[in-house]
Amino acid sequence: MTRHIIAGFVVALALCTAAPRASAQAVSEQELQRMGENLQKALDARDWKRVVRIGERVMEARPGLAVVPYNLACAHAQLGENDAALEWLQKSADNGYAGIASIETDPDLDPIREDPRFKVVHDQVQAARDKRFEVFRAAAEEADLLTILPPGYDPQVAAPLVIVLHGSGGRPEPVAEVHKKAAGEVGAIIVAPSALRPLGDGFNWTFRDEAEWMVLHTLERAAAEHTIDMDKVVVAGFSQGANMALEVGLKHPEKFAGIIATSGHWQPAIMTIPEEGKRPRVQLLIGGDDEWAWTFKEARGALSGAGVESRLEIVPGVGHAYPPNSDERLERALRFVLGE
């Protein structure tokens with residue numbers, strides 16, 4: 001299952017397209033946050049009845065949300081309650097849901113996919129996506145791209161490239177700085193795009209299609225502006241950025257020599273491992289106290305089982321953060337995924 005509350009409940013609130021009605025249940029922001037966290041846990045556990053209970057309470061408080069009714073549609077579909085599933089999916093679309101990739105690929109919606117009402121919702125979501133993506137792309141093409149050149153960079157010599165993706169609510173500068181020394185040691189250029197969609201003091205990779213386009217656009221732009229060794233391109237990321245790195249890197253194996261995912265969250269339903277041909281090497285790095293460490297263990301098993309060269313490093317005593325000695329760890333990771 002795709003975990004549709006991509007970066008926690010705050011993102012769902014950010015996607016609210018209509019103000020709460022005067023008759024909506026009075027719920028504090030703190031209580032709403034707590035319900036959102038519990039909803040995420042129910043989704044992760046595939047506890048569909050609990051998803052319905054919590055999700056419906058959330059919608060009473062915030063009837064304009066778009067992501068939560070999508071999750072309710074998934075839950076009802078899995079419970080065999082197809083009419084309720086389609087009603088909530090329609091509600092999601094009416095509230096502006098534009099996640100066409102989820103609508104088209106989410107296996108949780110398979111029980112209702114052949115219903116004629118599903119196509120109506122699909123087309124509505126597609127139209128919203130097209131409008132949303134047009135606006136995003138125009139902004140992305142004008143956005144600045146943080147670039148760090150390695151010491152002694154010679155534009156006459158092709159250099160490796162590391163595309164670094166920040167996490168939810170993050171910004172390009174901190175993650176670029178974390179990778180700076182390691183990239184410099186292997187003579188690699190760093191480029192770090194912004195997700196552009198505001199969240200807190202930073203930005204969020206709210207839509208997977210936007211993240212995919214941004215990574216590929218960043219690669220094209222870097223290649224146009226610098227001398228890049230196209231056989232040595234790495235996509236790296238932290239947290240939500242790690243998720244995007246895994247998804248995009250595995251989806252476009254011909255473009256990437258390697259993937260470095262730090263403190264991410266393996267999602268096999270959307271992170272499809274190429275069955276043959278060129279496959280990037282994958283370095284998985286996560287703290288032992290990170291709640292998603294178990295998913296990286298699953299990722300390592302899946303990658304190894306598919307014949308993909310991969311390494312997993314779990315750092316004891318570290319939570320959801322870059323581990324100590326990141327310079328050394330990331331340099332080892334870069335040399336591994338570059339085949340050095």
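Q: Ser263, buried or exposed?
A: Ser263 is buried, since its relative accessible area is 1% and the cut-off for buried is under 20%. Keep in mind that this is a predicted model.

Q: Ok, and where does Ser263 lie?
A: Ser263 sits in the loop between E7 and E8. The backbone there is worth a look too: Ser263 isn't a glycine, yet its phi is positive, about 55°.

Q: Remind me why that gets flagged?
A: Most residues other than glycine have a negative phi.

Q: How do E7 and E8 run, parallel or antiparallel?
A: They're parallel, joined by five bridges.

Q: What does E8 pair with besides that?
A: E8 also pairs with strand E9 (residues 310-315), again in the parallel sense, over six bridges. Ile286 has Ile314 in E9 as its bridge partner, and Leu284 has Leu312. Going from E8 to E9, the chain passes through helix H11 (residues 293-305), and this β-α-β crossover is right-handed.

Q: How many residues of E8 are buried?
A: Six of its seven, so E8 is mostly covered.

Q: Which residues of H11 are buried?
A: Ala293, Thr295, Phe296, Ala299 and Leu303. Looking down the axis of H11, those buried residues fall within an arc of 145°, so they line one face of the helix. The face turned away from the buried side carries Lys297 and Gly305, which are exposed.

Q: What do the buried residues of H11 pack against?
A: Helix H10 (240-251), plus E7, E8 and E9. Just after H11 comes Gly307, with a positive phi of about 80°.

Q: Changing topic: which residues touch the most other members in the largest nonpolar core?
A: Leu161, Ile163, Leu165, Leu246, Phe256, Trp266 and Leu284, out of 45 residues in that core. Helix H9 (residues 208-225) supplies the largest share of this core, seven residues.

Q: Pick Leu246. What is it in contact with?
A: Leaving aside neighbours within four places in sequence, Leu246 is in contact with Ile259, Ala261, Trp266, Met271, Val282, Leu284 and Phe296. There's also a second, separate core of 36 residues, and Ile54, Leu72, Tyr97 and Ile112 are among its members.

Q: One more helix, then. What's the reach of H5?
A: Helix H5 (residues 82-94) has 13 residues and reaches 18 Å from its first C-alpha to its last, close to the 18 Å expected. Its buried residues are Ala85, Leu86, Trp88, Leu89, Ser92 and Ala93. Down the axis of H5 they fall within an arc of 165°, so these buried residues line one face of the helix.

Q: Why does that pattern come out of the spacing?
A: An α-helix has 3.6 residues a turn, so residues three or four places apart point the same way.

Q: And what does the face of H5 turned away from its buried side carry?
A: The exposed residues Glu87 and Asp94. As for the buried residues of H5, they pack against helix H3 (48-61), helix H4 (67-78), helix H6 (100-105) and helix H7 (116-142).

Q: Which glycine follows H5?
A: Gly96, and its phi is positive, near 100°.

Key. Residues numbered from 1 in each chain as written. Predicted model: local features only at pLDDT ≥ 70, side-chain atom pairs only at ≥ 80, totals over all residues. Heavy atoms only, no water. Helix = DSSP H or I, 4+ residues; strand = E, 2+ residues; numbered from the N terminus. Expected span 1.5 Å × (residues − 1). Buried < 20%, exposed > 50% of the residue type's maximum accessible area, 1.4 Å probe, protein only. Arc of directions from axis to C-beta. Contact = heavy atoms within 4.5 Å. Core = buried A, V, L, I, M, F, W, Y, C linked by side-chain atoms within 4.5 Å. Pairing = 2+ DSSP bridges. Right-handed = clockwise from strand over helix to strand, strands pointing away.
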